[in-house]
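Subject: Structure handover

Hello,

Please find the structure below.

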Amino acid sequence: MKHTLIITLLSLLSIGNAFAQIDTEFWFAAPDLSRNHSPRPIQLRIMSFSQAATVTVTQPANLSVAPIVRNLPANSYTIIEYALDSNNDIPQVETSQVSGNDIKNTGILISSTAEISAYYINRGDNSEAYALKGKNALGRDFLVPGQTEYTSRHVGDARNTVEIVASEDGTVVTIKPSRPCIGHPAGTQFNIILNKGQAYALKGVAVGDLLYNTTVKSNKPVAVNYTDDSVNCPGGDLIGDQLVPVDLLGTEYVVIRNEKGNADKVYILPTENGTIVTINGVAQATMNVGGSRIYSLGIASTSNIPIATYITSNKPISVLLLAYKGAEPGASILPALSCTGSSQISYYPAESSAIVNIVTKTENVDYFSVLGNPYAIPNNLFLPVPNTGGEYSYFRGEVSGNPVIRIVNSKGLFQAGFFESGGNTCSYGYFSNYNVFPLSASFDKTFYFEGDNIVLQLPDSAQFNNVVWTGPNGFSDSGAQIVISPASIQHSGMWIVNASHIDGCTVVPDTFYITVFEKHNKQEIEICYGNTVTLSAQGSAPYLWNGGQTTQNISVQPARDITYTVSNMYEGEQAQMFQIQDSFFVAVRDSLKPVVSGDLVICNGQASITAEQGYETYLWNTGATTRSINVSNSGSYWVKVTSGDCRGTGFYSVAPTPDIKISFNQKPETCIGEPFLEIPLTTIEGEAGSFSLLVQEPEFTDILNQQISGNTLQIPLENLNAGLYHAELKIFEKNCGKAVSYPLEIMVKYPANIITQRWNDVLAIKNSTYNGGYNFTAFKWYLNGTPIPDATKSFLYQEAGFKQNQSDRYSALLTNERGDNVFTCDFVPEYLPNATIQVSLVSTNQVIPTTEQGTVYIYNITGAVVSIQQVENNQFNAPDKPGIYIIQVNNERRKILVR
């Protein structure tokens, strides 16, 4: 079996956001503290900044622990406390060690929707603050710092420990303890394997087994703590901190002592041989890996003037400050000066106030404020750091918040250490962003094969200059992105990308492996759902499938598309890297369900049916083996298809040739002037698709093959005269076009305005001048659809005493010159109020009295004026001929009608 490689996405150095003590994600493993020395309670103190944040605290490896969710307004805080053993809080949070190989599910993940800062503190008589450093706490190479002089005072279970938590599954951690630890001798390297959220504690055997210069390395990012429980120097107190990886250590530091009395001390560890440390301008003896340096800051001659010490080195060093309040210590690792610092730092002290040490460039001292407290730190309280040529200044003083201390500098960056004490304990937490820039290469694929293009990219490349990629077999290229085409076995191996930062900050190279697959080892297999397939690995043992099998051949019955891989393990330095031997992509088809489509009914004696394409064979219940068939009989049909070893059946039904049968819901008639005649219909059989209307009368334009919308026929009536039209209506069945014919008489009625209202009780048909040219030969009047007896004249006169109704509708059936009987549309009269003149019988030429004044108009029954008079002495003259007349009196106020 050839040893070809797949890509392994292992960056060997730190990854993530470079500005990360203020962050949105924090990993932490709480130490297991002595039960003999006030270990309760323990707290996570979390502070928000300018944006509101939703903070979630989980234990990813212990799903039985419910997430804790807190909503923080802007510039606020919260405390999450683990207090009582009886609630099982402490055992499921603290990382204990008994056998030397105990792996715990106690890792804590703090996630936030906006930037926050956080620290861990053990309350009580054994307190210490661990400043959590966000993504910059994650790395792959750590050097454990520590004090080198004092043992634990409470000798029960208090020891020097190192806590480690994994941020990803499959994390291999290699530990080399500097002193004997439980389960592991000094100087002997050993491995542990952690999944995401799992934690491991390294614990000294005896109280004097101090673990400084212990190394922790891993293949994936981990977070590491240094813990020294109940340090006897001489008061007995916890010291500790969360570490940063070696690549974030630097060569320039400022240390500020905290209290008079016992002298504060600095413990320095080298990361490389030949390290020369200079303290306040005085070079110290050369140091090699495994060595250490203790430097006493001395006792201040005046209590309110702290001492600032300037430390430099030619190679990166680890610096730990041990500070005192009386005999009680606190400790913190210190950030280097180069490319570090924050523009704002928040701290929620356990006590009411804290002593704050600030280091910044001198140019920033005028721009400090303490939010939540009307207090700005005056620039005259800053003193220059000796031996820095005035570039750096420091401040030491007591500052309080409400209750959070939030220090802001509006111009530049600064570091701040918070020292607080109470009772028989003290704690020290140091806060600063570690603005070192680790490179992290990105890849365009998960796997590479011979002949592929390999695309390597440096994200956020605008921050970097002089990007250089170095690979195996002498490969070298430059630029933020490079393309290797085509990929070959020669490109398998270790790669490094390096660059310089545009601001001169430290850049950490990224080292990673690229490995290339033999192309013929990738296979694609297709099976039917429910079937089993045997996969066979090439090459020689040992075999390890991604399902855990260790045989050369495995039989699988997947329920979905899936990729199986088989691999063997390297030996030696690459023992944790896997080589994929073969890759099998198994595509699972559903049981075949062919779709059949075609004609719905038998038309013209046959119908066509077709099964979807893509199958190997077709077999119909008619015996046909083609994809499509024609049938002449209605009924059910099925087709069986095959594709490989998959089978399936599709079904289809064909209906007989449909008939069409229609009934009409009302007589087709309309009024002249309407744009359309709508004929509602009901389909009794079949489905109507279109219609044609053939009309005998020439002025009516025939309608051919018009689609039926809903259940209504819409017939245009433009430019038609009133009359009776004789037509043949053809309705066509939708699917086959079979037609059925119906004779229709369409009545286009005369408009209502052909009727005129002469007065209240007299209606008349307009003469030929006004009725569109018709000369009618017969008349028949109707009231509300019912014939009026003896009303057969061109006018309608209702006898005296007839009771009118405001809703009455009048129409007339008129016979025109060609003999058509056609109705008018309904006419609704407008009734006028009764007159003050009463109806009477008078003789010709008689004088008629009236109570009204004005002009009198006398009309005959046809509406013609026969007399116009003025009322004089409340009377006027009757007509000189017998008959029925209408008298109208007009005055200035109203018109009055009377019969």
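Is Cys 181 buried or exposed? Cys 181 is buried, at a relative accessible area of 3%; buried means under 20%, exposed over 50%, and partly exposed in between, with a 1.4 Å probe and protein chains only.

This is a predicted model, in which local features need pLDDT of at least 70, side-chain atom pairs count only at pLDDT 80 or more, and totals for chains, interfaces and linings use all residues. Residues are numbered from 1 along each chain as its sequence is written, and side-chain values use heavy atoms, with hydrogens and water left out.

Disulfide

There is one disulfide in the structure (a pair of cysteine sulfur atoms within 2.5 Å). Cys 671 and Cys 825 form it, with an S to S distance of 1.6 Å. Cys 671 belongs to strand S55 (residues 669-671), while Cys 825 sits in the loop between strand S68 (821-823) and strand S69 (847-849), so the bond ties together parts 154 residues apart in sequence. Strands (E, at least two residues) are DSSP runs, numbered from the N terminus. The disulfide is left-handed because the torsion about its S-S bond is about -130 degrees. Cys 671 is partly exposed at 24% relative accessible area, whereas Cys 825 is buried at 6%.

Hairpin

Cys 646 is buried, with 2% relative accessibility, and belongs to the covered face of strand S53 (residues 646-654). The uncovered face holds Arg 647, Thr 649, Phe 651 and Ser 653. S53 runs antiparallel to strand S52 (residues 635-643), joined by nine bridges; two strands pair if DSSP finds at least two bridges between them. Val 639 has Gly 650 in S53 as its bridge partner. Two residues separate S52 and S53 in the hairpin, and Gly 644 in the turn has a positive phi of about 65 degrees.

Regards

Note on methods
Helix = DSSP H or I, 4+ residues; strand = E, 2+ residues; numbered from the N terminus.
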